[in-house]
Amino acid sequence: MDTRKVAFYTLGCKLNFSETSAIGRQFEERGFRKVAFEEAADIYVINTCSVTDHADRKCRKVVKEALKHNPDAFVTIVGCYAQLKPQEIAEIPGVHAVLGAAEKFQLVDILAGFEKPASGKGQVYASPISEATEFHAAHSFGDRTRTFLKVQDGCDYSCSFCTIPLARGKSRSGSVQSVVERVQKLAETEVQEIVLTGVNLGDFGLQGPERERHESFFDLVRALDEVDGINRFRISSCEPNLLTDEIIRFVADSKRFMPHFHIPLQSGSDKILGLMRRRYRRALYASRIALIKEVMPHACIGVDVIVGFPGETEEDFLDTYHFLNELDVSYLHVFPYSERANTLAPSLPGRVHDGERHRRTTMLRSLSEKKKRFFYEQHLGAETEVLFEDDVTNGQMEGFTPNYIRVTAKYDPLLVGERKRLRLTAVNAQGQMEAEELGVEVFQH
């Protein structure tokens, strides 16, 4: 058995975190000891992202930090950026191996002895993305009372700003039965909440080389609602054209699915949605929000928005701003547009300069804070159940209500992983909700 130490660092989305955790368990099964990134490990695995800005700079910085902890360590890069730019990453000083999308789940086998290349340049193991056809199940575990469960990978869409299809390949998933079996095993652990994740989650069900749909995301939701032992499920980001009325109405009556949705919009201008090659327009988006609020008035709704896309005039941006201002949504994730190689968007006319992108981003992030505070204040005085996490900062711990209101409390080890019935009392200066135990105020900041 190998007794070397391995450490991980993850950039990007919940899907990346679930995959890092799965790769970590592969190492542990081979006898490696998993340690914190800031410890002196023998092997460092860095899981990269291509969506966030400055992927190259961030990758270089994390590599440099790893080598500070152990200059003799073996450094491996995986993830979306590794698939898109393997040769460039291999040139980064201190990188010893780069694995693409089809290879990352075979990392322990491919690298075997973890011997450094004689040339000094990192070894590249990255097949063309067309070879990434297998679905690899993954979930995070051991870090929280909730887990991110990967049920879908890849994307068949061709949005003009996005490199994900180039980094992860075509849409693919396991079967409903295979996901149910994984959830049943998780139900035997201390996990109490499962967040369903994927690249294009609503596209769950595409099977085999013929890309035939034998099952649907709705089939999966209905099946998971019957699994005993898990109290909470959440649906992570789901495209508005795939978040159907039947799914929304089912969640409203569900025993286990939480009233919380994250629905990417990207722009409130139909003109810009067309340039982005999105598969819906604002009227459909508004209808989804209206139905959610009709059947679940207390539901939390998050929105992704990109500002400064090529061709976005001030009028187009204000269309987005006013559209969002009038929508009954709870918070926004706002991103300034960032050019990506091998996508259509950079060739479009009407580039928005960086300063204007920043101004528009600031405006929408300010709107997001107002939306979130208004949403929280609507629930003051409500009695609800809070599931507390194991994260502690400055003596404070956090938990979440079913509709994703973040509640802060003084650290109490007896609360970790517990669901507690509380009354929501105030929104503090940090934008978090304070609460009281029914009858006794002991949870205030």
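Modeller: Gly355 has a relative accessible area of 43%, so it counts as partly exposed, the class between buried (under 20%) and exposed (over 50%), with a 1.4 Å probe and protein chains only. The model is predicted, so local features need pLDDT of at least 70 and side-chain atom pairs pLDDT 80 or more, while totals for chains, interfaces and linings use all residues. Residues are numbered from 1 along each chain as its sequence is written, and side-chain values use heavy atoms, without hydrogens or water.

Gly355 belongs to helix H13; helices here are DSSP runs of H or I with at least four residues, strands are E runs with at least two, and both are numbered from the N terminus. H13 covers residues 354-377, and its 24 residues should span 34 Å at 1.5 Å a residue, the expected span being 1.5 Å times one less than the number of residues. The end C-alpha atoms of H13 are 35 Å apart, which agrees.

Buried residues of H13 include Glu356, Arg360, Leu364, Leu367, Lys371 and Phe375. An α-helix has 3.6 residues a turn, so residues three or four places apart point the same way. Arg357, Thr361, Ser368 and Tyr376 are also among the buried residues of H13.

Gly355 can also be placed relative to another glycine. Gly308 is 47 residues away from Gly355 along the chain, and their C-alpha atoms are separated by 9.7 Å.

Elsewhere, an open sheet of 4 strands runs in the order E7-E8-E11-E14, with mixed pairing.

Note on methods
Pairing = 2+ DSSP bridges.
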